[in-house]
Amino acid sequence: MDLTDQPTALLPGEVRMPLLGFGTWQATGQAGYEAVLAALDTGYRHLDTATVYGNEREVGRAVQESGLRREDVFITTKLPPDRVGRERATLEASLEALGVDQVDLWLIHWTPSSPADSIPLWRELLAARDENLVRAVGVSNYSTAQIDELIQSTEENPAVNQIQWSPALYDRQRHAEHRDRGVVLEGYSPFKTSDLSDPVLTRIAAAHGVSPAQVVLRWHIDHEIVVIPKSVTPERITANFDVFHFSLTAEEMRDIDALGEV
């Protein structure tokens, strides 16, 4: 399955971000490299890394050795809090480690404590985008109010806000607030707060002949929420990608949404 065959979210600048990505947190060294290569071989075309993960070089090597064209792999990396004032040098180090001239998405990897810290930092990300070092820029773990501060100060919406998300954390209002602002919601740790033995998930999984974990991933995709499961286990990597042969009904979506609304 090529990038063009996968469901995507549209970011500013006509940038297409696959709704299903491969998270690489804690996937380091040779095992990390092999996991990323296995993910690309399976069909993933969206990789999520970060400066603090310490694995950008392994991610880049896997992309280069996968045989895929650079434009067919969407790469996200993130700027850590201890690099304020060294944003450009940090990005250049990421590009060098990844072996690319440009990343597809660059995120602020934490929530600065005040607008006085956040807005100058955001302007640095915008400048990198305007110089084509990155295709799109965004944030992580920002509240709606913090997103609004950026928009009001710069008239530039973050393309993405990456936050922890799962059925148990479903917040209809927060989801709508992102959509209303044109900010793509990206969920991380989809299984960490999911009870995969929940009767709702097991019932829906049985109806489709899939696992509860696959239902959780498909729920994100059917909501047009980006999701980035992580694993270094080949079987799990494959199973997490095998979610394109079924979709959830409107009733099933409502039942899963309700897990977060109790």
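Q: OK, what kind of model is it, and how are residues numbered?
A: This is a predicted model, where local features need pLDDT of at least 70 and side-chain atom pairs count only at pLDDT 80 or more, while totals for chains, interfaces and linings use all residues. Residues are numbered from 1 along each chain as its sequence is written, and side-chain values use heavy atoms, with hydrogens and water left out.

Q: How many residues are in the largest nonpolar core?
A: That core has 74 residues. A nonpolar core is a set of buried Ala, Val, Leu, Ile, Met, Phe, Trp, Tyr and Cys residues joined through side-chain atoms within 4.5 Å. Buried means under 20% relative accessible area, exposed means over 50%, and partly exposed is in between (1.4 Å probe, protein chains only).

Q: Which element gives the largest share of this core?
A: α4 does, with six residues. Helices (H or I, at least four residues) and strands (E, at least two) are DSSP runs, numbered from the N terminus.

Q: And which residues have the most contacts inside the core?
A: Those are L11, V103 and W106.

Q: What does W106 touch?
A: Leaving out residues up to four places away in sequence, the contacts of W106 include L79, L91, L125, V134 and V137. Contact means heavy atoms within 4.5 Å.

Q: New topic. Which residue does UniProt list for "binding site"?
A: The UniProt record, an unreviewed entry, lists H109. UniProt positions are given in the numbering used here, feature names are shortened, and annotations may be inferred rather than shown by experiment.

Q: Where is H109, and is it buried or exposed?
A: H109 sits in the loop between β6 and α4. Its relative accessibility is 19%, so H109 counts as buried. Among the residues H109 touches, not counting those up to four places away in sequence, are Y53, K78, P80 and N141.

Q: How many salt bridges are there?
A: The count comes to twelve. A salt bridge here is a side-chain nitrogen of Lys or Arg within 4 Å of a carboxyl oxygen of Asp or Glu.

Q: Why would side chains pair like that?
A: Side chains of opposite charge can pair when their charged atoms come close.

Q: What does D104 pair with?
A: D104 forms a salt bridge with R135, and the closest N and O atoms are 2.8 Å apart. D104 is in strand β6 (residues 103-108) and R135 is in strand β7, so the pair ties together parts that are 31 residues apart in sequence. D104 is buried at 4% relative accessibility, whereas R135 is partly exposed at 32%.

Q: What about R218 and D222?
A: Their side chains meet in a salt bridge (2.8 Å, N to O). Both lie in helix α8 (residues 212-222), four residues apart, about one turn of the helix. R218 is buried, with a relative accessible area of 11%, and D222 is partly exposed at 26%.

Q: Where are they, and are they buried or exposed?
A: E14 lies in the loop between β1 (8-11) and β2 (15-18), and is exposed at 60% relative accessible area. N132 lies in the loop between α4 (115-130) and β7 (134-140), and at 52% relative accessibility N132 counts as exposed.
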